[in-house]
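Dear colleague,

I am passing on the structure we talked about, which you will find just below. After it I have set out what I found, chain by chain and then across the interface.

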Amino acid sequence: MTTDQLEDHLRGEFHRLDQRMMEEGNLALPS
Amino acid sequence: MNVRADGGVAIEPADIDLAMLYRNELPRLVRLGAFLLADPRLAEDVCQDVVTTLLQKPMADIDNPAAYLRTAVINRCRRLQKRSTSRLLAEYRYAGRPSQPADADDALHNDAFFVRLRQLTTAQPTVVVLAYYEDLTLAAVAEQMDIPSAP
């Protein structure tokens, strides 16, 4: 895996998990 | 917010700003903290602490509350990373905090990417998260972390 591919992979994983957290919406925000 | 003599509620401008700040910034900050700590439940607790601290400061003393909140979350997470053993994190989590510890059934906590992030050590998670989640340049990452950057 090249550096560019690794960077793309990391951004993709952050985006995927970010979306998952947003969609699941189960993080309890401070009130 | 103040209760008036007639029982009505007077909302001060500072209350509105704070409410907007929470609504606009906190969801993303909790997710940022989740990545920095590789622990979404602990991130909730950290943000709770940061907000509590912010509430104790006069808002007039803070030029940019959103930036203050973001930096405070990053710094709090970094302090935890430096001390982080699973034991310390667990102690923090159990120290009267409202959230429940993650367990084997917590699918989000056990997402493969969170598991990988938990394998990083010391400053590594912060660098990776700021560079590839926050999309900061390496120079900006160094500045945020208050460490020298390569020329």
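Chain A holds one helix and zero strands, and buried residues account for 13% of its 31 residues. Please keep in mind throughout that this is a predicted model. For the complex, the predictor gives an ipTM of 0.84 and a pTM of 0.77, while chain B has a mean pLDDT of 78, with 72% of its residues at 70 or more.

The helix of chain A

H1(A) is made up of 22 residues, and the distance from its first C-alpha to its last is 31 Å, close to the 32 Å expected at 1.5 Å a residue. Its buried residues are Phe14(A), Leu17(A) and Met21(A), and because they cover an arc of only 75° around the axis, they are placed on the same side of H1(A). The other side of H1(A) carries exposed residues, among them Asp4(A), Gln5(A), His9(A), Gly12(A), Arg16(A) and Glu23(A).

Phe14(A), which lies in helix H1 of chain A, is buried because 21 other C-beta atoms lie within 10 Å, where 20 or more are needed. His15(A), also placed in helix H1 of chain A, counts as exposed because it has 12 C-beta neighbours inside 10 Å, and 12 or fewer is the condition for that class. As for distances along the chain, Phe14(A) and Met1(A) are 13 residues apart in sequence and 18 Å apart in space, C-alpha to C-alpha, whereas His15(A) and Gln5(A), separated by 10 residues in sequence, are 15 Å apart when taken C-alpha to C-alpha.

Chain B

The secondary structure of chain B comes to seven helices and two strands, and from the N terminus on, the elements run β-β-α-α-α-α-α-α-α. Of the 151 residues in chain B, 25% are buried, and among its contacts with a separation of 6 or more, 55% are between residues 24 or more positions apart.

H2(B) deserves a separate word. Its end C-alpha atoms are 23 Å apart, which agrees with the 22 Å that its 16 residues should span at 1.5 Å a residue. The buried residues in H2(B) include Leu42(B), Ala43(B), Val46(B), Cys47(B), Val50(B) and Val51(B), but also the charged Arg41(B), Glu44(B) and Asp45(B).

Two backbone positions may be worth a look when you go through the model. Asp135(B), in the loop between H6 and helix H7 (138-144) of chain B, has a positive phi of about 60° although it is not a glycine, and with 10 C-beta neighbours inside 10 Å it counts as exposed. Asp146(B), which lies in the segment after H7 of chain B, likewise has a positive phi of about 60° without being a glycine, and it is exposed, with 8 other C-beta atoms within 10 Å.

The interface and the core

Where the two chains meet, 14 residues of chain A are in contact with 18 residues of chain B. On the side of chain A that touches chain B, the residues divide into eight nonpolar, no polar and six charged.

Which residues touch the most other members of the largest nonpolar core? They are Phe35(B), Leu37(B), Val46(B), Cys47(B) and Val73(B), in a core of 28 residues. The elements that give two or more residues to this core are helix H1 (3-24) of chain A together with helix H1 (13-37), helix H2 (40-55), helix H3 (65-83), helix H5 (112-118) and helix H6 (124-132) of chain B, and the largest share, eight residues, comes from H1(B). In soluble globular proteins, nonpolar side chains tend to be buried together.

Phe35(B) and Phe14(A) give a direct view of how the chains meet. Leaving aside neighbours within four places in sequence, Phe35(B) is in contact with Phe14(A), Leu117(B), Val129(B) and Tyr133(B), and on the same terms Phe14(A) is in contact with Phe35(B), Tyr132(B) and Tyr133(B).

With best wishes

Notes. Residues numbered from 1 in each chain as written. Chains lettered and ligands numbered in written order. Predicted model: local features only at pLDDT ≥ 70, side-chain atom pairs only at ≥ 80, totals over all residues. Contact = placed C-beta atoms within 7 Å. Core = buried A, V, L, I, M, F, W, Y, C linked by C-beta atoms within 7 Å. Helix = DSSP H or I, 4+ residues; strand = E, 2+ residues; numbered from the N terminus. pLDDT = per-residue confidence, 0-100. Expected span 1.5 Å × (residues − 1). Arc of directions from axis to C-beta.
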